[in-house]
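Work through the exercises below with the sequence and the model at hand. Try each task before reading its solution.

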Amino acid sequence: MAEQEKPLLIKRYASRRLYNTETSDYVTLEDIAGFIRDGREVQIVDLKTGDDLTRQYLLQIIAEHESRGENVLPVNVLNDLVRSYMVPGGGMMPQFLQSSFEMLRESQSKMMENMNAMNPMAQIPGFEAMQAQQEAFLKAMTGGLSTNWSAPDQSESAKSDEGGEDLDEIKKQLADLQNKLSKLS
């Protein structure tokens, strides 16, 4: 596994403005949510005190998305979270949530590996670039909910069309696709 990237450092000034130390500009909560959707870890610190404010701002991002009708957390899950804060020592909820999300990421990654291994389209030159574009499109359409999903397996549609198309037509379509992919590179 590759060494993890250093978190993006965001400094909060006394005016409550958030400053991206890598690009030397001010950012909004929506910008920070975008960094996270893109897979980047962030750390938000108070410039004056040095206090880590990351958790506070991440909760604020979630609350803003929920208030706009982008309901990701069902009410019963929110109730369970509130209950977990009432248990002395925090209960098992934080460890459970962390383990659940780790298992989800691992299973998504394995599923993508398996899909790519079974996909005959993966052998076409330029397929990786096309797949990256599809993933970026899906990420934009889903708001980054799932960073490891890509377009449906194309082999399924090829299987259903085999009976109706002859081999020459398939070869022609494949050649056209290869020409289009070579123009993209």
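The model is predicted, so local features need pLDDT of at least 70, side-chain atom pairs count only at pLDDT 80 or more, and totals for chains, interfaces and linings use all residues. Residues are numbered from 1 along each chain as its sequence is written, and side-chain values use heavy atoms, with hydrogens and water left out.

**Exercise 1.** State how many helices and strands the protein has, and their order.

*Solution.* Take helices (H or I, at least four residues) and strands (E, at least two) as DSSP runs, numbered from the N terminus. The protein has seven helices and four strands. Their order from the N terminus is β-β-β-α-β-α-α-α-α-α-α.

**Exercise 2.** Describe the salt bridge of arginine 12.

*Solution.* Apply the rule: a side-chain nitrogen of Lys or Arg lies within 4 Å of a carboxyl oxygen of Asp or Glu. The partner is aspartate 46, with the closest N and O atoms 2.8 Å apart. Next, locate both: arginine 12 is in strand 1 (residues 8–12) and aspartate 46 in strand 4 (residues 42–46), 34 residues apart. Finally, both arginine 12 and aspartate 46 are buried (under 20% relative accessible area; exposed is over 50%, partly exposed in between; 1.4 Å probe, protein chains only).
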